[in-house]
Amino acid sequence: MRLNILPSRASVWALAAFALACAIALVARVPLAWMASRVSIFASALLVVTLIDLAWSFVAWKRAPLQWQRRLPAAFAIGVPRTLTGSLVNEGARAWRVALFDHVDPSLDFVGLPQLMRVPAQARLDITYQVTPRRRGPVQFDPADLRVRTILGTCELLLKAGERESLHVYPNFAAVARYAWLASDNRLAEIGIKAAPQRGGGTDFKQLADYKPGASIRHIDWKATLRHKRPIVREYQDERDQTVLFLLDCGRRMRADESATTRGGGSHFDEALNALMLLAHVALKEGDSVGVMTFGTDPADARHFAPRKGHASLNALIAAIYDIEPRATHSDYLTAAAELMRVQRKRALIVVLTNFRDEDSAEIAPALRLMRSKHLVLLASLRERVLRELAEQPLGRGSDGGTSVDANAVEIAGAHLFAQSRRDAFARLATRDGLLIDVEPAQLPAQLVNRYRAVKRAGLL
């Protein structure tokens, strides 16, 4: 056991008081020899008491040390506060005064540490504090630091307690959970997801059902109608067993972070992961298979999750990409498109999640043409919220209070010019089957789901 010792606050105050008394005595012309003898006696007595206190406390601690036991969740979600509980267990016959600081991962914000407490003998004391993850990936909890006061209170022992523990921080599943909840109550319009009626039925047979007014007569199953002696119709559903493949940009553009000015927001990459999870959940429920490819990062860090079906596939997909962080690298769209064409043979809906600028047109246009030669491609770009705020700010007035326009007119004009250049670039990318989305991060999940459903209804795949 590593043992570090500090003087307690009571000892420091006692020494300070004794030094003050000595100074006063010297000012009062107390003989120096007499003072020296008294100081020697006091120092010797203090040293003896301290050594006895340390030995006594050390033996008592070795006999029954305090145990620190955390109760951690299975995982964390980024940006979601969690209240953690731990217990200091004292199995000995002596109470201890303790200051505890649990060593949480540096990427976690915490509230409620350190804590001062008295742990009674033969007792378990529960401690709670709150953490908020700010970064996805693995996090680690190191043994806690304990500052234990000795039995007589002359010193404090700096000790470690508890075990090193690790767990993962995943993207926020709140959007998926809310979608599932609202879908069960037919309230998806609250989050911007349209419930448009079917424009004609699908082509996959679903089941036989009794005829209802308004059903198409051409769907009547005459053999079943004769057998049951009542009108029976065939019901169809949207095509299943199709593929949705996400092409996720991990380059420098996705490092944009407006979380400091957006309540509950995150970086563009985190927002893209949230939208990816929601659309993957919807597509898996529709019976389609879902996969992910990354680009814009080092080849050694690239991830490829082959498309698979089943609702349990969502957890496997997130486990494969949860710890990816965007790098300060250039995203090569054409190389990514060529790699996708090599690994994805079956026609699929390719959802490109990126942050597109008008200067990227020359690079991304050939990549889209290559993918559209075989697949249906949806280009989804995240637009910075600050551009809208700049464009919507009111014109200021001159410092003289007159009608002269302030310098913020340049910012407003620049924001409008940038937005127009972006719209023009998107228009140039659009083709006969071009699917394009350019929205702020908060709007991306609903927009992706709406476009996916529109593709399914139109039978474009």
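A search of the whole structure, which is a predicted model, finds 16 salt bridges. The chain holds 11 helices and 19 strands. Of its 461 residues, 41% are buried.

**Overall chain**
- Among contacts between residues at least 6 apart in sequence, 73% join residues at least 24 apart.

**Salt bridge Asp288–Lys456**
- Asp288 and Lys456 form a salt bridge in which the closest N and O atoms are 2.9 Å apart.
- Asp288 lies in the loop between α5 (268-285) and β15 (289-295) and Lys456 in helix α11 (residues 444-458), so this pair ties together parts that are 168 residues apart in sequence.
- Asp288 is buried, at a relative accessible area of 0%, and Lys456 also counts as buried, at 5%.

**Salt bridge Arg303–Asp323**
- The side chains of Arg303 and Asp323 meet in a salt bridge at 3.0 Å, N to O.
- Because Arg303 lies in the loop between β15 and β16 (304-308) and Asp323 in the loop between α6 (313-321) and α7 (333-343), the pair ties together parts that are 20 residues apart in sequence.
- Arg303 is partly exposed, with a relative accessible area of 28%; Asp323 is partly exposed as well, at 29%.

**Further salt bridges**
- Asp438 and Arg383 form a salt bridge through their side chains (3.4 Å, N to O).
- Asp438 belongs to strand β19 (residues 435-439) and Arg383 to the loop between β18 (376-382) and α9 (385-392), 55 residues apart.
- A network of salt bridges links Arg70, Asp102 and Glu165.

**Thr243**
- Thr243 is placed in strand β14 (residues 243-249) and counts as buried at 3% relative accessibility.
- The side chain of Thr243 makes a polar contact with the side chain of Ser289 (3.2 Å).

Definitions and conventions: Residues numbered from 1 in each chain as written. Predicted model: local features only at pLDDT ≥ 70, side-chain atom pairs only at ≥ 80, totals over all residues. Heavy atoms only, no water. Helix = DSSP H or I, 4+ residues; strand = E, 2+ residues; numbered from the N terminus. Buried < 20%, exposed > 50% of the residue type's maximum accessible area, 1.4 Å probe, protein only. Polar contact = N/O pair within 3.5 Å; in protein donor to acceptor, adjacent residues only side chain to side chain. Contact = heavy atoms within 4.5 Å. Salt bridge = Lys/Arg side-chain N within 4 Å of Asp/Glu carboxyl O.
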